[in-house]
Amino acid sequence: GDYPFQFDNLLCSTELMQLEGQWEQAAKIYDFLASEYGNEIWMRTRQANALYHAGQFAAAAGVAGRLNQKRPTTATNLIEARARKKLADYKTAIGLYRQAQAILDPKSSGPEDQAGGLKISKPTTQTVCRQPEETLVWT
């Protein structure tokens with residue numbers, strides 16, 4: 001049966017796996033967490049990101065693409081775009097990058113990079129298991 005904080009403990013362990021480069025295993029656990037605990041969008045976004053880092057680009061694009069059909073976010077658009085680029089589907093990737101840009105800057109009309117000097121720091125063992133803010137792993 002479940003024990004208190006099981007979700008949080010699994011999530012923390014999975015984040016540590018990612019830091020150790022165990023992306024494929026992390027993707028499997030995010031799949032389990034999405035199935036068993038809900039938080040579908042958050043866990044599937046993390047699963048897609050882990051699949052991307054595991055080199056499973058078609059699977060990453062599939063998971064992120066299904067999320068983008070339901071509720072597109074900047075994160076899911078970027079993950080799918082990166083995966084589509086790796087699969088040499090450049091036209092789709094460009095469209096997804098533009099959708100991500102439109103979410104970040106609705107007034108934007110061109111393909112220029114609005115992120116500019118945006119720096120997203122990598123997680124460390126000191127920051128990885130803090131309790132729930134909606135976090136994404138950008139590496």
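This is a predicted model: local features need pLDDT of at least 70, side-chain atom pairs count only at pLDDT 80 or more; totals for chains, interfaces and linings use all residues.
User: What makes up the secondary structure of the chain?

Analyst: The chain has 6 helices and 0 strands, where helices (H or I, at least four residues) and strands (E, at least two) are DSSP runs numbered from the N terminus. Along the sequence the pattern reads α-α-α-α-α-α.

User: Why is E36 called exposed, and where does E36 lie?

Analyst: E36 lies in helix α2. Buried means under 20% relative accessible area, exposed over 50%, and partly exposed in between (1.4 Å probe, protein chains only). E36 has a relative accessibility of 52%, and therefore counts as exposed. The C-alpha atoms of E36 and F7 are 9.3 Å apart, although 29 residues separate the two in sequence.

User: Why is T74 called buried?

Analyst: The relative accessible area of T74 is 17%, so T74 is buried. T74 is placed in helix α5. With residues up to four places away in sequence not counted, T74 touches A100, I103 and L104; contact here means heavy atoms within 4.5 Å.

User: Why does A93 count as buried?

Analyst: A93 has 3% relative accessibility and therefore counts as buried. This residue, A93, is in helix α6. Apart from its neighbours within four places in sequence, A93 is in contact with A81, R84 and K85. The C-alpha atoms of A93 and E80 are separated by 7.3 Å, the two residues being 13 residues apart along the chain.

User: What share of the chain is buried?

Analyst: Of the 139 residues in the chain, 36% are buried.

User: Which residues of α2 are buried, and why are they said to line one face?

Analyst: The buried residues of α2 are W23, A26, A27, I29, Y30, L33 and A34. Seen down the axis of α2, they fall within an arc of 165°, so they line one face of the helix; the arc is that of the directions from the helix axis to the C-beta atoms. The face turned away from this buried side carries the exposed residues K28 and E36. Among the elements that cover the buried residues of α2 are α1 (6-19) and α3 (40-53). After α2 comes G38, whose phi is positive, near 80°.

User: What makes α2 and α3 roughly antiparallel?

Analyst: The axes of α2 and α3 are 8 Å apart and the helices pack at an angle of about 165°. Axes are lines fitted to C-alpha atoms, for helices over the stretch in contact, and angles run from 0 to 180 degrees between N-to-C directions. Angles under 35 degrees count as roughly parallel, over 145 as roughly antiparallel, 65 to 115 as roughly perpendicular and the rest as oblique. The pair α2 and α3 is therefore roughly antiparallel.

User: How are α5 and α6 arranged relative to each other?

Analyst: The axes of helix α5 (residues 74-86) and helix α6 (residues 90-104) come within 8 Å and cross at roughly 160°. These two helices, α5 and α6, are therefore roughly antiparallel to each other. Residues that meet across this pair include L78 and A81 in α5 and A93 and L96 in α6.

User: How do you know that the buried residues of α6 line one face?

Analyst: In α6, A93, L96, A100 and Q101 are buried. Seen down the axis of α6, these buried residues fall within an arc of 140°, so they line one face of the helix. They pack against α4 (57-70) and α5.

Terms used. Residues are numbered from 1 along each chain as its sequence is written. Side-chain values use heavy atoms; hydrogens and water are left out.
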